[in-house]
Amino acid sequence: RALRSVGYSLDVQLQASRTRQVVILDNGLVRLTFSKPGGDVIGIQYNGIDNLLETENEEKNRGYWDIVWDSKPGDKTINIDTLQGAKFEVIKADKDGAEISFRRTWNVSTSGKTVPLNIDKRYIMLRNYPGFYTYTVLERLEGWPASEIGQVRIVYKLRDDKFRYMAISDNRKRVMPTMKDRLNGQPLAYPEAVDDKYQYSSESKDNRVHGWISTDESPVGFWIITPSIEFRAAGPVKQELTCHAGPIVLSMFTSAHYAGKDIAMTFEEGEPWKKVYGPVSIYLNSISTDEDPLSLWDDAKQKMQEEVRAWPYNFPQSKDYLVSNQRGSVGGRLLVRDRYLSRFPFFARYAHVGLAAPGEVGSWQKESKGYQFWTKTDRRGFFSIRNVRPGNYSLYAWVPGVVGDYMYNILVTVEPESHIPLGNLVYEPPRNGPTLWEIGTPDRSAAEFYVPDPYPTLMNQLYSNHPDKFRQYGLWDRYADLYPNNDLVYTVGESDYKSDWFFAQVVRNVGNETYEGTTWQIVFQLENVIRPANYTLQLALASTSNMELQVRFNDLKSEAIFTTGLIGRDNAIARHGIHGLYWFYSINVPSTLLLHGNNIIYLSQTRHLTAFDGLMYDYIRFEGPPRT
């Protein structure tokens with residue numbers, strides 16, 4: 001069912017007031033008002049509503065881009081730059097559409113006050129389109145000072161008296177609390193928790209459309225559509241914020257959420273750089289009062305599919321934005337060779353395959369300066385990565401059900417209109433011997449492990465009987481309830497990781513905001529230890545936060561056979577994530593440490609400064625000695 005048109009379509013009209021510092025774009029469906037020369041969106045008129053944005057807010061606090069940055073890499077000072085333009089320019093204006101620019105050129109006189117970037121912030125309105133597009137070109141020139149950028153985003157703050165219903169996915173939709181509810185809410189373990197915003201995070205690959213519905217009078221939907229994730233940081237499974245109480249809707253391009261400062265863009269003194277963020281679409285829709293407001297969500301999903309098929313767009317005017325014939329493609333087939341599972345290589349089914357900046361195995365998950373292009377293989381391992389910007393890339397991959405990361409050992413150089421066939425690529429995952437036992441599933445997530453019910457007073461009903469149960473608040477505190485006196489003990493052959501392996505190895509709260517580390521045990525039997533020989537413990541971690549994991553065999557007081565050292569700042573435990581950054585370790589275990597019969601592996605998480613220090617496991621496998 002087509003949604004009804006609102007108003008009538010006109011040629012796109014552009015007005016730049018001489019008496020007031022505003023610019024107006026109007027296509028008969030939507031009327032946009034921008035501050036001039038700053039370039040903030042201060043008014044969105046649609047469907048008879050004078051302004052969809054919160055009019056109680058100052059004009060500069062309604063619709064804007066911003067960047068979180070530091071003048072010295074590693075500095076804990078937080079600077080926020082709202083990318084205010086200094087010059088307004090009409091790039092294109094005719095009956096079919098208009099593109100306008102708000103620019104700012106950095107100079108040394110503003111050093112330390114504004115982020116050292118040239119900014120070109122663009123907005124596009126097209127004829128007959130109920131909404132608009134926005135993108136920004138950010139640039140550093142040679143010789144500019146060092147800096148660090150931790151976050152780039154767009155923010156729209158909607159009318160609190162109208163927009164109450166939020167939709168992120170088919171199974172994540174609800175009426176949301178207001179800002180008044182938030183201010184009157186119960187104080188929780190960290191200030192943002194009562195905001196709920198981390199409960200509505202989404203992986204980049206799934207975060208293509210999200211927004212709000214106003215059911216007041218004639219229902220209206222406000223949606224952000226992201227047609228490509230090429231300009232987002234850290235690959236397809238990086239989690240980002242979407243919407244939260246306010247009502248606020250975000251378009252996140254890069255941030256430290258679920259990754260920590262490892263993902264920040266650190267620029268050395270003199271380092272040049274340029275990147276195009278977007279375009280993304282702000283799409284508006286409406287229905288009559290006798291229709292189901294949720295049909296707005298269905299329509300937004302359909303529009304998202306149309307926008308994805310139209311990518312790359314052919315209408316942005318910046319020379320730095322590349323259209324289809326300025327891009328290339330890469331294809332091939334990925335196979336897996338694991339001689340302990342199959343005599344022959346087998347298909348890497350539904351693997352994630354991507355191009356990102358040249359680096360090391362797995363470095364894509366911390367890469368944020370460049371572009372990334374990802375796809376999934378089919379059931380026979382074939383893949384095609386289309387619309388790739390020219391440049392030099394490494395090809396990375398990981399396969400659900402297979403441990404570790406793949407990286408092609410030759411740089412891939414993409415040129416305009418080129419197609420690069422890579423043929424058959426073979427991934428040999430970490431493997432030293434036959435599997436003796438395993439815990440979990442190698443999928444870079446802890447979702448398969450036991451996730452407890454939340455405290456009733458803290459329950460978000462949206463996640464009751466929901467596959468994302470892990471997004472409930474306060475689950476880390478449930479560990480001490482389930483293991484009040486002794487830590488977790490898992491017995492191979494008797495225990496079930498779905499019910500007996502807690503989803504996160506957290507600290508133990510001993511009162512007065514004091515915590516202690518925890519030691520988990522894996523008990524297993526070896527009927528016959530082969531000597532002399534080396535066994536292997538394959539250890540994959542789904543998340544780490546200010547933690548150190550030490551591994552011992554059979555003697556808790558002995559020197560650790562392995563330690564991660566202090567690692568991790570992804571904070572996924574506190575932020576209701578089931579994974580952060582992925583870590584993998586292959587640990588050599590001399591047979592002299594093993595016993596005939598009963599054996600115990602001690603996994604000790606020794607850091608305990610806060611309630612959120614800890615880790616999530618992805619997968620553990622114990623292998624016997626190599627076989628000829």
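Ala, Val, Leu, Ile, Met, Phe, Trp, Tyr, Cys and Pro count as nonpolar; Asp, Glu, Lys and Arg count as charged; the others, Gly among them, are polar. The model is predicted: local features need pLDDT of at least 70, side-chain atom pairs count only at pLDDT 80 or more, and totals for chains, interfaces and linings use all residues. Residues are numbered from 1 along each chain as its sequence is written, and side-chain values use heavy atoms, with hydrogens and water left out.

View 1. A cavity is a set of points, on a 1 Å grid over the protein atoms alone, where a 1.4 Å probe fits but cannot get out; lining residues have an atom within 4 Å of a point. Grid points are joined across faces, edges and corners, and a volume is the space filled by probe spheres set on the points. Five cavities of 30 Å³ or more are counted. The largest cavity lies between domain 1 (13–310) and domain 3 (435–623), because both give residues to its lining. The domain bounds come from an automatic or database domain assignment.

**View 2. The second largest cavity.** Its volume is about 60 Å³. Trp 476, Asp 477, Tyr 479 and Asn 509 are among the lining residues. The lining divides into seven nonpolar, one polar and one charged.

**View 3. The nine-stranded sheet.** Strands (E, at least two residues) and helices (H or I, at least four) are DSSP runs, numbered from the N terminus. Two strands pair if DSSP finds at least two bridges between them. This open sheet runs S7-S8-S9-S10-S21-S16-S15-S12-S13, with antiparallel pairing. Strands S7 (87–94) and S13 (172–175) are the edges, each pairing on one side only. Neighbouring strands are turned by 15° against each other on average, direction ignored. Axes are lines fitted to C-alpha atoms, for helices over the stretch in contact; angles run from 0 to 180 degrees between N-to-C directions.

**View 4. Strands S15 and S16, with helix H2.** Six bridges join S15 (residues 209–214) to the antiparallel S16 (residues 220–225). His 210 stands opposite Ile 224 in S16. Helix H2 (residues 295–309) lies across several strands, including S15 and S16, and runs at about 30° to S16. Contact means heavy atoms within 4.5 Å.

**View 5. The five-stranded sheet.** The order is S32-S36-S42-S38-S39, in an open sheet with mixed pairing. Three bridges join S32 to S36 (residues 518–526), and these two run parallel. Val 489 has Gln 521 in S36 as its bridge partner.

Technical notes:
1 Å grid on protein atoms, 1.4 Å probe; cavity = no way out; pocket = protein on both sides within 12 Å on 5 of 7 lines; lining within 4 Å.
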